[in-house]
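The structure is shown first, and the description follows.

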Amino acid sequence: MVAETAKKFEALEAQAQKLMSVFIKAGHEAVAPAIIQPASVFLDVIGETLRARTYVFTDPDGEELCLRPDLTVPTCRLHIERHSDPATKAKYCYNGPAFRFQPAGAPVVHPREFRQAGIESFGAPDRAKAEAHTVVTVLDGLKAAGLTDCKLYIGDLGLFRALLEGADMPLRWRRRLMHQFWRPEAFRTELKRLTTAAIDVPRDVPKELLTKLDPEHPEDAEKQVAAYLEERGIEMQGIRSLGEITENLLSIVADSKTQPLSAATANLLESYVRVVAPARAAGARLRDLLRDGDIDISEAFDAYQRRLQLLADAGVDVTHAEFEAEFGRTLEYYTGFVFEVVVPQLGRASPLAGGGRYDTLMRQCGAEEDVAAVGGAIHTERLLAALTGDV
Amino acid sequence: MSAPDTLVLAVPSKGRLMEQSIEIFANGGLNLRKVGNARGYRGEIEGLDNVEVVFISAGEIARHLKSGRAHVGITGEDLVREQMSDWETRIEILKPLGFGHADVVVAVPECWIDVRVMADLDEISSTFRQIHGRWFRVATKYINLTRRFLSSRGLTDFRIVESLGATEGTPAAGTADFIVDITTTGATLKANGLKILDDGLILKSEANLIASRVAEWAPRVREAENIILEKLGV
């Protein structure tokens, strides 16, 4: 599927020009970030799983580099290099190759070398507006390229975060559930664990030590842990300090003393992640779910409704858009709104386009603080395949 | 390059692994011996003239089987799994040989008394990052095995540091926070103040007799293989 014939190359180029002219007209500046990127940035953002799908290599200086697996991180880096204040407002667009390892036997619409055409908006204070603009611009691009029929899927991590923040539970439980959100199986296990009466204690941390630890008196706890280690001749080793280990033991003790998560809250979270409904109906479903409880997520809910309205106002067919609470994205850096554009001939596993909000990414790329950021990209080989029926 | 009718048999070139490999063949009545220089790396099996024996390192044997340069070889499952993401399509494990036992395990400092299982590691990973401004570093020579195992256990927030020797010393030296390494008795780990996580066993490995699925299998080569396998009781 890589443009192996001159003809396909030309077809991709012609298509890219159409996409880019839509993006530029929508106020995005065309940029061409470097193809070869330092691997460490991606490894820090995405983690070691990156190696499983990215071409990472070492250059003669021993520098670890990679062929960019997407253009979002490179565009963030380009923005930081240009502006001493990364919160500076900017809108970029690009068209260029990205590279991802594909196991033998992967479908042809998952080529290891493909071109992404996309847009990014940084520093826009009105989030819902910037998100709607992103979706509209991507859809306009698809339309200009000749696509007439597609389905929009949306998700919203902001809603889930608001639910968690509204629910009554210790901060560390909230963090754990957020962390596991991306892994449905682990999420359910964690939820079950938190609703079970006695939060299980690590087998090898003896009760005798734990009973001596009092979360109210952390300064005494550290001495207890030190004495315990000394008695058993265990030496401190590595970067984790005695204080850090004690802190974690104290939170284990605190967990065992905290009331388990209420069944009502667990049910609510469980029901929420199962919501799959047309975008408009999803709002009503959510309101129903929350009717009896005392969790207030009106702010996130209003943002969801407003975004939908902005999309409708811009002519997007929201009645046929589908909301999925458990939106499975492959890249974990999204922090709020997410979307994908799917066509029936390629199916859900091979979206034509996708994107969303990633407010923490700029900081992970080196900025001092979070920067509002939202973007979307089109998988141009897939678009061409969908248009030519060559799938 | 060997003649198309020749079966290439790859055997470990050093130490106990080599001795035990030769013994396995001897028990089956096959006399494996080096030709020419005793320190050379080429050999033969007495009475089987279209078999060429190459003595190379266990890691090299895995690569030879993967590429099809060797038809049959003896190497550890740990190396096979580390070097091939699609090992089942490339090689066939004919017989576990009962020697070269080694477990590939996840081991953390003994002083981490709050960490017993993989889930505990996952649990402290975000706090660790907040405090130290970086993710866990894991030292190992098994980069692929480690990445696959940790990811399958839901742990994604870590960085691998490649280590080609004395891996068990890296937490003390400060170059890594925990390790993935092979162990037979656990004594070396213990001596270095490390403990194995309760569910940290990645692989129980031993030496295996392995055939390459991607090598050229001419009829005469297949014939030679059948003779060898029969003698070895496979």
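## Domains of chain B

Chain B is divided into two parts, of which domain 1 is made of residues 7-101 together with 206-232, while domain 2 covers residues 102-205. The model described here is predicted, and its chain B has an average pLDDT of 91, with 99% of the residues scoring at least 70. For the model, the scores are ipTM 0.81 and pTM 0.75.

The C-alpha centres of domain 1 of chain B and domain 2 of chain B are 32 Å apart. To the contact between them, domain 1 of chain B contributes 9 residues and domain 2 of chain B contributes 9 residues. On the side of domain 1 of chain B that touches domain 2 of chain B, the most is given by helix α3 of chain B (residues 77-83), which supplies 4 residues. That side of domain 1 of chain B holds no nonpolar residues, its members being 4 polar and 5 charged.

## Domains of chain A

## The contact between the chains

Where chains A and B meet, 30 residues of chain A and 29 residues of chain B take part. On the side of chain A that touches chain B, α6 (171-180) and α10 (242-257) of chain A each provide at least two residues, and the largest share, 5 residues, comes from α10(A). By class, the residues on this side of chain A are 14 nonpolar, 6 polar and 10 charged.

## Packing around α6 of chain A

Besides its part in the side of chain A that touches chain B, α6(A) packs with α7(A), residues 184-195, where the two axes come within 8 Å and cross at roughly 160°. Because of that angle, α6(A) is roughly antiparallel to α7(A). The crossing in which α6(A) passes α7(A) is left-handed. From α6(A), the contact draws on A:Trp173, A:Arg176, A:Leu177 and A:Gln180, and from α7(A) on A:Ala186, A:Phe187, A:Glu190 and A:Leu194; by class, these are 5 nonpolar, 1 polar and 2 charged residues.

With α5(A), residues 157-166, the axis of α6(A) comes within 10 Å and the crossing angle is roughly 160°, so α5(A) is roughly antiparallel to α6(A). The crossing of α5(A) and α6(A) is right-handed. Here A:Arg161, A:Leu164 and A:Glu165 of α5(A) meet A:Arg174, A:Leu177 and A:Met178 of α6(A), and the contact is made up of 3 nonpolar, no polar and 3 charged residues.

## Packing of α4 with α13 in chain A

Helices α4 (residues 127-144) and α13 (residues 298-313) of chain A pack with their axes 9 Å apart, at an angle of about 40°, and are therefore oblique to each other. In passing α13(A), α4(A) makes a right-handed crossing.

The residues of α4(A) that take part are A:Ala128, A:Lys129, A:Glu131, A:Ala132, A:Val135 and A:Val136, which meet A:Ala303, A:Arg306, A:Arg307, A:Leu310 and A:Leu311 of α13(A). The contact of α4(A) with α13(A) has 7 nonpolar, no polar and 4 charged residues.

Technical notes:
Residues numbered from 1 in each chain as written. Chains lettered and ligands numbered in written order. Predicted model: local features only at pLDDT ≥ 70, side-chain atom pairs only at ≥ 80, totals over all residues. Contact = placed C-beta atoms within 7 Å. Nonpolar A, V, L, I, M, F, W, Y, C, P; charged D, E, K, R; others polar. pLDDT = per-residue confidence, 0-100. Axes fitted to C-alpha atoms, helices over the stretch in contact; angles between N-to-C directions. Parallel < 35°, antiparallel > 145°, perpendicular 65-115°, else oblique. Left-handed = near helix turned anticlockwise from the far one by under 90°. Domains from an automatic or database assignment.
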